[in-house]
Amino acid sequence: MSVAADEDRLTSRDVLYVADKKTRSEPCCSTLKMFIVALSFAYFSKALSGTYMKSAITQIERRFDLSSSLIGLIDGSFEMGNLLFLAFVSHFGAKMHRPRLIGIGCFLMAVGSLLTGLPHFFMGRYKFDTVIQSWENDSMRISPCLDSRAAKDHPDVQIEISQDIDADCVRDSGSHMWIYVFLGNALRGIGETPVTPLGISYIDDYAKAENSAFYIACLQTITLLGPMFGFLLGSMCARLYVDIGFVDVESVTITPKDARWVGAWWLGFFVSAGIMLLSGIPFWFLPRTLPKQGELPNNPYTLPETPAPGTDANTANTAKLAAIAKGFLPCLKRLLSTPAYFLLLCGVVLKFNSFIGLLTFKAKYMEQQFGQSASRANFLIGVLNLPVVAVGIFLGGVVMKRYKLSVVAGAQLSFLTSFAAYLLLLLQYSTKCDNVHVAGLTVSYNGTPGVSFDDHTLFSECNRKCSCASDEWDPVCSQNGITYMSPCLAGCTGSTGHGKHTVFHNCSCVLDSSPVDGSTSVSLGQCPRGPDCSRSFTSYMAVSVLSSFINSLGTTPGYMVIIRCISPELKSLALGIQTLVMRTLGGIPAPVYFGALIDSTCLKWGTKRCGGKGACRMYDTDMYRVIFLGLITCLSGCSYFFIMAVIVLLKRQFDREKATPTEPPGGAIELLHHHQHPHPHPSPHPKEEGVPNALAAACEMSKPQACSEEQAEGTEGDAEPQHSPSPPSTPRSSSTARTASPPSLGRVDEDQSENPDGGSDENQHTDPKAGPPEG
C-alpha cells in the first residue's frame, strides 16, 4: 500500500510538473534552432558545391582534354562515393553523436572540393594551339602558308620543335591529373552522406510534431538557394582566364566564346571548400541529445527507466538489431510487390535520368547550339531557371494544402504538370541555329553546305601547297561569314597587327574580297552567329523557363504520392529504396551515356600534346540537338506510361474503398450490433476494435510513449468493447474521475462501477485476436 501511495504521489507531482511545463515559453535562440540554422547553412553549402561542379563541366573537359563521356563519369563519381557509405551511415549514425558526424561530413566535403581544384597548381600554364603564340614576341610578320614550306626546307628547325614536344609529352604522360578531380568529387559524395539523414532525424526527434514539418520545409527552401548561387559562381569563374594572376590576360588571343577558352574552374572549388569548412564548425559545439521541444531538460520527479531484471542492455540491442535484419527482406519483398509503388519507381527512374542528363549538359548545349559563352549560359540558368523552379515547388505545396488533394488528385496534378512541360519541351526542337559555316567541315571551300567527318575535305587546291596540318585549330573568320580552321588552311601569306588584334591578308581560299580595300583577309576567332540565332535563343530561354516552372508545380504532389501509396510502416524503407535506385540507375550512368552520345556528334577533335584525341572543338549542332533533346524526350515519354498506370491503379483502389465501407479488422462490424456487455444499456459512445489502431496512429505523431502504453493495455484485456473514448491517464480515485467527466459520460461511470471484475473497461476493449497497429 505504501508503494502504491508513493506512486500515486509521484504521479500527482508529474501532473503538476506537466502543467507548469505547458506555460513555459520557447526561447528565441534554443539549441534546436541553432542546429537548424547550422544545418540550413550546410544544406546551402553542399547544394552550391554540387551545382558548381555541374557548371564547371565544360571548363574541366577542355583543361584536361577529356571526352564528354569521361567527364560524365567524373561527374557521376559523387554518386558513387555517396552510395558507398549511405546505408552504413544511415544505420549506425543514429546511434552516435549526430551533430559531430555532420561536422565530419562537412569537413570531408571541404577536403574533396579542395582536392578537386588542386591539380591546377601542378599542371603548369595552360597552352592552346595558336599561330600567334610562337610569334608574339617577334617583330617579324606572320606568314602561315610560307612558314610551313620553310619548315620543310630547314629540317633543323623541325628537330628543335619535336624535342620541345617530347619534353612536354614526358610531363603530361606522367600526370593524369583528372584522376584527382574524380577522387575529390567522390570524397565530396562520401562527406555528403551523413548530412541529410542524420540532420532530418535529429530535428524530427527533438522538435514538436507540428514544428518538425515547418523546419524541414525551411531547410528545403534554403537548399534551393544553393544551386542558384552555384551557377552564378560558375558564371563568374568561367569569365576569368584559367591562369589569372599568373599571365597577362591582354596577351591571351582567345575569347570566352572560343572552343579553347578555359575559365578559372579551380577558383570556385576553393571558394566552395571554404564555405563548406565554415558550415561544419557549429556542429562540433552542439550536444548529442536535446530535450524534446517544449519540455524542461530534467524532471526531478520522473523515475529513471530501469531494464527488466535479468536483462542485459547489449543483449536487448543485439536482439533488436537481429529482429530488424530478419524483417528487412520480407518488408522489401512486400514493398516491391506493391504494384503502384513499383510502377511509380520505374517512372521516377526514367524521369530522373532525363533530368540528370539535362542538368549536366544544358549549359554545354546552350554553348554549342546558340554560340553562348559558358559564363553567360551558367548565369542565365542561375538567374532565370532555378528561381522559377523554387517558386513552382512552393506553389505546388500550397495547392496541395489549400484544396486538400487526395492521392489520386495529387498523382493527376503531378502527371498533368509534367506532361504540359513535356509538350513545351517538344517546342525546343524548332528553336535552333544553323551550323557555323566552317570550310571543310560544314561547307565546302566554294561555299556549298554539307557536313563532313573526313579530314581530307579540309584541304583544297587553294591551300594544298601550304602543307598545313589537319589537326590545327586556330579559327579565323572571313568577310563572307565562312570560318577557316587556321590561317594556314585559309591560304594566308601575310599579317598585320599583334596579339588578339592580328589580321591575316592575301588568303587564297577566301572567295569574296573585302568591299573596303579589295583584299582577301581574315581575323582571329570564329564568325559570330546571325541575328536569327539570337531570336531563336530568346525563344529557347522563354520556353525553358516556362517549362521549368510548370514541371516544378507537380514536384510536391508527386512526392506525396510516393509516401501515401504505400503502408505507413513501409514509408521510410520506400523513400530509402527510391533514393538508392535513383542514384544507382540515374545519377551514375546518365551523365556517361549522355556524354557518349554527344561525343558521336563531334566534327573536329582537339589533339593532345603527345598525340591522341583531346576535347571536342566543334559539334554538328543539328545532330547535337536531335540526340540531346531526343534522348530527354524519349526517357520522359516512356516514364509517362508508368505514371498513367499508377493513376489507374490508385483510382481503382480509391473507387473500391469508396464503394465498400471500411471494416475494422477482426470482425468489428459484429461488435457494432452484438455488444457482449453484461448490461442492457449501451454506451452513447460505442467503440469498435479498429479504433485502437486509429488511436495508435494518432498517438504515434504526438505521444509515442502514451501510444505504446495504450496499445499494450488494449491487447492484454478481454474481447469486451470499450464504452469510453477517454485517453489513458494517471491513476486517480473514482470520485475524482466522475467530477472530471462531462455529463454525457455518466453511463460510463455506472458501467465501471458495475464491472464484475472490479476493474476499468479500459483494459477489456480489445479483441485478443487483433494484430498490432500498423505504422
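Where does I566 sit? In this predicted model, residue numbers count from 1 along each chain as its sequence is written, local features need a pLDDT of at least 70, side-chain atom pairs count only at pLDDT 80 or more, and totals for chains, interfaces and linings use all residues. Side-chain values rest on heavy atoms, with hydrogens and water left out. As for I566, its place is the loop between α19 (555-564) and α20 (571-587). Helices here are DSSP runs of H or I with at least four residues, strands are runs of E with at least two, and both are numbered from the N terminus. I566 counts as buried because its relative accessibility is 10%; buried means under 20% relative accessible area, exposed means over 50%, and partly exposed is in between (1.4 Å probe, protein chains only).

Helix α20 itself holds L573. L573 is buried too, since its relative accessibility is 17%. Leaving aside neighbours within four places in sequence, L573 is in contact with F328, C331, L332 and L335, where contact means heavy atoms within 4.5 Å. With L335, the C-alpha separation is 8.2 Å across 238 residues of chain.

Zooming out, the protein has 27 helices and 7 strands. Of its 775 residues, 44% are buried. Taking the contacts between residues at least 6 apart in sequence, 79% join residues at least 24 apart.

Two helix pairs are worth a look. The axes of α11 (residues 225-239) and α16 (residues 374-402) come within 7 Å and cross at roughly 165 degrees; axes are lines fitted to C-alpha atoms, for helices over the stretch in contact, and angles run from 0 to 180 degrees between N-to-C directions. That angle makes α11 roughly antiparallel to α16 (under 35 degrees counts as roughly parallel, over 145 as roughly antiparallel, 65 to 115 as roughly perpendicular and the rest as oblique). The crossing of α11 and α16 is left-handed, meaning that the near helix is turned anticlockwise from the far one by less than a right angle, whereas clockwise would be right-handed. On the α11 side the contact is made by P227, M228, F231, L232, G234, S235, A238 and R239, and α16 brings A374, S375, N378, F379, I381, G382, V383, L386 and P387. By class, the contact of α11 with α16 has 11 nonpolar, 5 polar and 1 charged residues; Ala, Val, Leu, Ile, Met, Phe, Trp, Tyr, Cys and Pro count as nonpolar, Asp, Glu, Lys and Arg as charged, and the others, Gly among them, as polar.

The second pair is α2 (residues 31-55) and α9 (residues 195-206), whose axes come within 11 Å and cross at roughly 160 degrees. So α2 is roughly antiparallel to α9, and it passes α9 in a left-handed crossing. From α2, the residues L32, F35, I36, L39, Y43 and K46 meet V195, T196, G199, I200, Y202, I203 and Y206 of α9. The contact of α2 with α9 divides into 10 nonpolar, 2 polar and 1 charged residues.

Now for the strands. An open sheet of 5 strands runs in the order β2-β1-β5-β4-β3, with antiparallel pairing; two strands pair if DSSP finds at least two bridges between them. β2 (483-484) and β3 (494-496) stand at the edges with a single partner strand each, so one side of each is left without a neighbour in the sheet. Strand β1 (residues 476-478) is joined to β2 by 2 bridges, and V476 has Y484 in β2 as its bridge partner.

Elsewhere, strand β6 (residues 602-607) runs antiparallel to β7, with 4 bridges joining them. C602 is paired with Y619 of β7 as its bridge partner. The hairpin of β6 and β7 has 5 residues between the strands, and G611 takes a positive phi near 95 degrees there. β7 (residues 613-619) is mostly covered, with 6 of its 7 residues buried.

Most residues other than glycine have a negative phi. D65, not a glycine, has a positive phi of about 55 degrees. D65 lies in the loop between α3 (57-63) and α4 (68-92) and counts as buried because its relative accessibility is 19%. N506 likewise has a positive phi, near 55 degrees, and lies in the loop between β4 (503-505) and β5 (522-524). N506 is partly exposed, with a relative accessible area of 48%.
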